[in-house]
Amino acid sequence: MCKTTGGISIDLLKGNVRQIYFRYLGAAFGSALISSIYGLVDSAMVGQYQGPEGTAALAIVAPVWNIIYSLGLLTGIGGSVLLSAARGAGRQKEGDEYFTAALAGTVFFAAVSWLAIAFFDAPLLRLFGARDALLPLAQQYLLPVKFVVPLFLFNQMLAAFLRNDGAPGLATAAVLADGVFNVFGDYFFVFTCDMGVFGAGLATAIGSGITFTVMLSHFFSRRCTLRPVRFRNAGTKLRQILTTGFSTFFLDIAMGILTMLFNRQILQGLGTDALAVYGVIVNVSTMVQCCAYSVGQAAQPILSASFGAGKWGRIRAALKYALMAAAFFSAVWTLLVFLFPNGFIRIFMSPTGDILRIAPAILRSYGVSFLLLPLNIFSTYYFQSLMKPRASFSVSVLRGLVLSGALIYALPALLGPGAVWFAMPVTEAVTAVGVCVLIVRYTRPAPQTPE
């Protein structure tokens, strides 16, 4: 067991940065990989059972997940960054206040999300691009999920705080338990019980309960230093949390908005087959984005604690290893998409000949964006940890909506419907230029004498 001082693991402030970072990266990547796998299983099982229509229906549902997860990240990342910075500066009680405020904020957002999805699922799905043929399938998938919506928010929020409370392995174990169940549960409910898309939603709903139960066990452990406390100025604390966590929140919420915009443009200009291929792209892009999250999530506890303690040498070291990890994921995913485009298609559906014909060019065009996506997403975690919310906000909004949204409409209008696939590569390239400038600006240079 690792000793703690003021609730912060001694390793975070004094241990070997390389060892700590890659230990945290292993846990964060494990969670991301497992989450991606059972997301893949959902789409693959539904695609094999329902055909391309099932894959397209889950593409319609994707923005719902973006909304749910982003709200959990809003309070989880925002609160945990402030908690670690406060503890790094020796302010234990203030850290507990941030945890309590984040918990209260999650309760509120969970209640609002629950009501919206439970009672307004059809209008939401139509807003996200559902047509008559796809709406029933999307509603069947969401039906069991409606009963456990709050758990998805709490799982995101708790995972962030567990990583900052020295328990990244437990967060990974919670996702692993969910993932194992989901793989077998999907097959059992979808095929054995012949439930189809409803069965995939049921497995996902039950899995969320498993994750929540495992994470909750941390609060019965002696290692847990997270304590709800009574305090004044709850509104001020919550406002700080929302400001700090907004950019991470916006990354996910913007992905939902962009999915909606893509859905509409693709259906209008390219048809259902292209939308089915885009459903595969959504899944692959989610995996890449999860890997990028793991790069930032592994660095964030080190960065936040070191920033609170004024240890810039450790910040620069963590930055170096994070950039190495981002470059690795960029290269791997870009190569996979370029080398095996139809392999991804076959994983997620039983494709027609027309889909196999159009898919390679679509995936390779869109896949160029994976070269810079991990860097751009990591940067939001980096700026958050250095208490630069404006920089983090600027990156997330430029990348997530302003530039990308404009290009989704402008490129097809100027160059034809097929140009929509280049919207994200151009967005990532422009954003990366700004990210590099801001990282250089906000990272203090190494001192002439050792720190």
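Predicted model: local features only at pLDDT ≥ 70, side-chain atom pairs only at ≥ 80, totals over all residues.

Visitor: At what angle do helix α11 and helix α12 pack?
Guide: Helices here are DSSP runs of H or I, at least four residues long, numbered from the N terminus. Axes are lines fitted to C-alpha atoms over the stretch in contact, and angles run from 0 to 180 degrees between N-to-C directions. Helix α11 (residues 272-309) and helix α12 (residues 312-339) pack at about 175°, with axes 9 Å apart. That makes α11 roughly antiparallel to α12, a label for angles over 145 degrees.

Visitor: Which residues make the contact?
Guide: Contact means heavy atoms within 4.5 Å. Val284, Met287 and Val288 of α11 are among them, and α12 brings residues including Ala322, Phe329 and Trp333.

Visitor: What is in the largest nonpolar core?
Guide: In general, nonpolar side chains tend to be buried together in soluble globular proteins. A nonpolar core is a set of buried Ala, Val, Leu, Ile, Met, Phe, Trp, Tyr and Cys residues joined through side-chain atoms within 4.5 Å. Buried means under 20% relative accessible area, using a 1.4 Å probe and protein chains only. The largest core here has 124 residues, and Tyr21 and Val284 touch the most other members. Helix α11 gives the most to this core, with 20 residues. Leaving out residues up to four places away in sequence, Val284 touches Trp333, Val337, Phe344, Phe348 and Phe370. Another core, of 19 residues, lies apart from it and includes Met215.

Visitor: Where do the buried residues of α13 sit around its axis?
Guide: In α13 (residues 341-348), Pro341, Asn342, Phe344, Ile345 and Phe348 are buried. They fall within an arc of 150° seen down the axis, so they line one face of the helix; the arc is taken from the directions from the axis to the C-beta atoms.

Visitor: Is Leu251 buried or exposed?
Guide: Buried, with a relative accessible area of 2%. Leu251 is found in helix α10 (residues 234-269). Beyond its neighbours within four places in sequence, its contacts include Gln289, Tyr293 and Arg399.

Visitor: Where is Ser369?
Guide: Ser369 lies in the loop between α14 (353-367) and α15 (373-385). Ser369 also counts as buried, at 2% relative accessibility.

Terms used. Residues numbered from 1 in each chain as written. Heavy atoms only, no water. Helix = DSSP H or I, 4+ residues; strand = E, 2+ residues; numbered from the N terminus. Parallel < 35°, antiparallel > 145°, perpendicular 65-115°, else oblique. Buried < 20%, exposed > 50% of the residue type's maximum accessible area, 1.4 Å probe, protein only.
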